Each structure stands twice: as structure tokens, then as C-alpha cells.
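Please keep the structure open while reading.

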Amino acid sequence: MAQDEETPETRLARLVLGLRSQGVTDPKVLSAIEKTPRDLFVPDLFRERSFEDSALPIACGQTISQPFIVGLMTQALNLEARSRVLEVGTGSGYQTAVLARLARFVYSVERYRTLLAEAEERLRTLGVANVFTRFGDGGEGWSEQAPFDRILVTAAAPGEPKALLGQLKPYGVLVAPIGRGPVQSLKRYVGDGKGAFKTETLCDVRFVPLLDGVAREL
Ligand code: SAH
């Protein structure tokens, strides 16, 4: 069968096999990706490319993350079924939907109203019921809901995200791209239970920047 005649399920299954060969080995994470229809989160113009392992443009000059990076970051979070997770940068809502399959509750913050409204609509369509969203500056976290077991930042922070680390539980895990340039380091911070963190660098990544404040337009 020619590739363009394949069903979305077949293409998604092939994408997942590729992620596994690249090091996303956690079966729960792979299964969550396989069950999340990425084509629903991609703009019409790029729908044909939904199951390619690449980041794609979405509204407001932002991007939907590359599936491999979504897999890697989700795996690095070490989620538990009872985890309460803060996500900074809802974007298309794709990463949010993957997290929602693996965690108890996901709290997601986005600085563009348009993106947030579209993501909320998609999550509703999929029947995802354990996600709470908020329009705001996610760099400040979500103090009313803190502390969190896990925090995932899907935009590049210029340096150590102190405000967010302050909203993490004592043994919590935070994963974020850190750096000011076009290429950043994906870092994982693991709480030692005494207010300090063990920091590891996982790989190089390319994310849009974490910006201060909310977008006034859009
Ligand atoms: N996980 C998303 C990635 C979106 S790109 C997806 O897979 O679709 C990163 C997102 O972070 C963008 O939507 C951008 O608007 C948002 N963002 C950047 N700075 C932010 C901030 N301070 N607070 C909340 N969201 C922010």
C-alpha cells in the first residue's frame, strides 16, 4: 500500500516504532503517544505531515513539538498515575493530551488566548477530562494549585526556572529546555527532599522562547 493510502493508525504505529528505536523505551509513554491522534492538533495546511517526526508550525508563530521530544520529555518526567503535573506552554495541547493519559491531573498554562481556546476545544473533542487550563504567564507557575509532583516546561527558559522549582514537591521532577540561543539544553531537575536539586542535561533541543507576561493581541 502506498504511504498516502495508509490509515492514520498505521502511520502512528510506525512513528512510535521510530521513537522506540531512538530511545523512548517506556511502554506507557509509547502507548500514550500511540493513542493520541496528533493529526487533530496540527493545522490543516500541515495535516499530511502529522505523523512525521518533526515539529510543525501552529498559530501565533508557535510550534507543536516533535514527537520524539514529546516522548523523551514525558519519559524523563517519570510520571506516576497519581501525579499532579504543571505544564507551561499549552500550545496545540498535544503534549497536554499525552500527559493526561499518564497522570492524575494536568494543569496547563498558555500566554496566547487563541492557542488556549483551540487546545481546550481539541481536548474536549477527545473527551480528556483531567486537564485544567489557564491563560497566564506560566513562568510564574500556578501558585493556587502548587505544589506539583512534576513540572514540564515546553518553551525555552533563559536560565534555571527558580519560580517553578519553588512550586515543586520535595522529591518532584522538573523538565525544561534551558538556554537563550536557538539551541538549548534539555535539563531535568530532581528534588532531593531538602530543597536542593540534582540537575542533569539530557540532550540539545530547539524550542520557542518562554516569554514574560501574556500576549495582548491574539
Ligand atoms: N507542548 C506544545 C508546545 C508549544 S510551543 C505543543 O506540543 O503544542 C511552546 C508554547 O509555550 C507556545 O504556545 C507559547 O505561546 C508558550 N509560552 C511561551 N512562553 C510562555 C509563558 N511565559 N507562559 C505560558 N506559555 C508560554
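The salt-bridge count comes to 11. The model is predicted. Opposite charges on side chains can pair when the charged atoms come close.

**A salt bridge between distant parts of the chain**

- Arg-11 and Glu-48 form a salt bridge, with 3.9 Å between the closest N and O atoms.
- This pair links distant parts of the chain, its members being 37 residues apart.
- Arg-11 sits in helix H1 (residues 8-21), while Glu-48 sits in the loop between helix H2 (27-34) and strand S1 (56-57).
- The distance falls inside the salt-bridge cut-off, because 3.9 Å is within 4 Å.

- Arg-122 pairs with Glu-118 in a salt bridge, and their closest N and O atoms are 3.7 Å apart.
- Both Arg-122 and Glu-118 belong to helix H5 (residues 113-125), with a spacing of four residues, about one turn of the helix.
- Arg-122 is buried, with 15% relative accessibility, and Glu-118 is partly exposed, with a relative accessible area of 33%.
- Arg-124 and Glu-121 also meet through their side chains in a salt bridge, at 3.0 Å from N to O.
- Arg-124 and Glu-121 lie three residues apart in helix H5, about one turn of the helix.
- Arg-124 is exposed, at 56% relative accessibility, while Glu-121 is partly exposed, at 42% relative accessible area.
- Elsewhere, salt bridges with shared partners join Glu-80, Arg-82 and Arg-150 into one network.

**A buried arginine without a salt bridge**

- Which side chain of opposite charge is nearest to Arg-84? That side chain is Asp-149, 5.5 Å away.
- Arg-84 is buried yet has no salt bridge. The separation of 5.5 Å does not qualify, because a salt bridge needs the atoms within 4 Å.
- Arg-84 lies in strand S3 (residues 84-88).
- A polar atom of the Arg-84 side chain does lie 3.0 Å from the backbone oxygen of Pro-147.

**Ligand surroundings**

- There are 25 residues around the ligand.
- The nearest of them are Ser-92, Glu-110, Asp-137, Gly-138 and Leu-211.
- Glu-110 places a polar side-chain atom 2.6 Å from a ligand oxygen atom.
- Gly-138 has a polar backbone atom 2.7 Å from a nitrogen atom of the ligand.
- Thr-154 has a side-chain N or O atom 3.4 Å from a ligand nitrogen atom.
- The ligand exposes 580 Å² when taken alone, and the protein buries 99% of that area.

**Cysteines**

- How many disulfides does the model contain? The count is zero.
- A disulfide is a covalent bond joining the sulfur atoms of two cysteines.
- Cys-60 is buried, with 18% relative accessible area.
- Cys-203 is partly exposed, with 22% relative accessible area.

How values were computed:
Residues numbered from 1 in each chain as written. Predicted model: local features only at pLDDT ≥ 70, side-chain atom pairs only at ≥ 80, totals over all residues. Heavy atoms only, no water. Disulfide = S-S within 2.5 Å. Buried < 20%, exposed > 50% of the residue type's maximum accessible area, 1.4 Å probe, protein only. Helix = DSSP H or I, 4+ residues; strand = E, 2+ residues; numbered from the N terminus. Near = heavy atom within 4 Å. Polar contact = N/O pair within 3.5 Å; in protein donor to acceptor, adjacent residues only side chain to side chain. Areas by Shrake-Rupley, 256 points an atom, 1.4 Å probe, with all protein chains shown as cover. Lys, Arg positive; Asp, Glu negative; His and termini not counted.
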